[in-house]
Amino acid sequence: MSKFDTFDAYPAESLPAAEAALLTVWRTLERYQDDLVLVGGLAVHYLTRRSVAGLPGAVTMDADFGITLGATGGQYGTIQSDLSGLGFKTENRRLVRPCGTLNLYIDFLTEAPSATTGSRWVDDVVASVIPGINRALACRRKVAIEGRDLYGAAQRCHIPVADIGPLLVLKLNAFGGPTGRRLPKDAYDVLLAVTAYLDGAEAAVQGFRREAETGNTGYASAITALKNDFTAPEKDGPTRAAEFFPGSSAKRERLRQTVATAGRFLLGE
């Protein structure tokens, strides 16, 4: 399992371990770096402040990469063979590596012409087809990330992270898009990405709205998810986000209201 239904269910070491996994694989994937962008929970972590309005920040056990459909290592090896040398093995089409009591996952997402679901082989790994990945690859910001890798070595890497507009499109679709999972964590990540964005909530809202003009193939379904799931406190997005980070009934109600307000702001209401 790589997702839990509440914040407290995540082991305290899960986020540091996911960061260590990222720092471990990044230099090994050097040949692919122009074709990669960090998305998912780690991207939310790096684009948000650590504590806002009583929320503890992001949590994850995965490192998720958007990847260009045609990415290849050429004659110098493949993604799977390179990462297998770091202890990552293929399990149910995912790359996984044990780390103490945890399993750490590396997942790849791509975008394919005329396809909105399914998977494609990229190099020698299976990548899920997700609309909006090409836009995330085109709209990246480099983030300096420091820490220790899974071998204990100090690392400092500049890693491209999906900027806030494309990231919100991906997160909204992960929750309520055509293949959305409706997981509490994805709704919570939408809340964080707006309210705790490094450049401020207004900049997050404007970044999302700009995606309407960019040809982002996931934008229309993200808008549908907003309208269906995030415009009122009793809808799925606010309700599940509140359940992900449980507290008193009063605190859950405030959080539901905050999520619904963020949803309406994203829509321009």
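Leaving aside its neighbours within four places in sequence, which residues is Ala260 in contact with? I worked on a predicted model, in which local features need pLDDT of at least 70 and side-chain atom pairs count only at pLDDT 80 or more, while totals for chains, interfaces and linings use all residues. Residues are numbered from 1 along each chain as its sequence is written, and side-chain values use heavy atoms, with hydrogens and water left out.

**Entry on Ala260.** Taking contact as heavy atoms within 4.5 Å, I found Phe230, Thr231, Ala232, Pro233 and Pro238 in contact with Ala260. I placed Ala260 in helix α10, helices being DSSP runs of H or I with at least four residues, numbered from the N terminus. Ala260 has a relative accessible area of 0% and therefore counts as buried (under 20% relative accessible area, 1.4 Å probe, protein chains only). I also noted that its C-alpha atom is separated by 16 Å from that of Lys185, 75 residues apart along the chain.

**Entry on the cavity.** I looked for cavities, meaning sets of points on a 1 Å grid over the protein atoms alone where a 1.4 Å probe fits but cannot get out, and the count came to 1 cavity of 30 Å³ or more. The volume, the space filled by probe spheres set on the points, is about 40 Å³ for the largest cavity. Its lining (residues with an atom within 4 Å of a point) includes Phe230, Val259 and Ala262. The largest share of this lining, 4 residues, comes from α10, and α6 (184–195) and α10 (249–267) each supply at least two residues.

Notes: 1 Å grid on protein atoms, 1.4 Å probe; cavity = no way out; pocket = protein on both sides within 12 Å on 5 of 7 lines; lining within 4 Å. Buried < 20%, exposed > 50% of the residue type's maximum accessible area, 1.4 Å probe, protein only.
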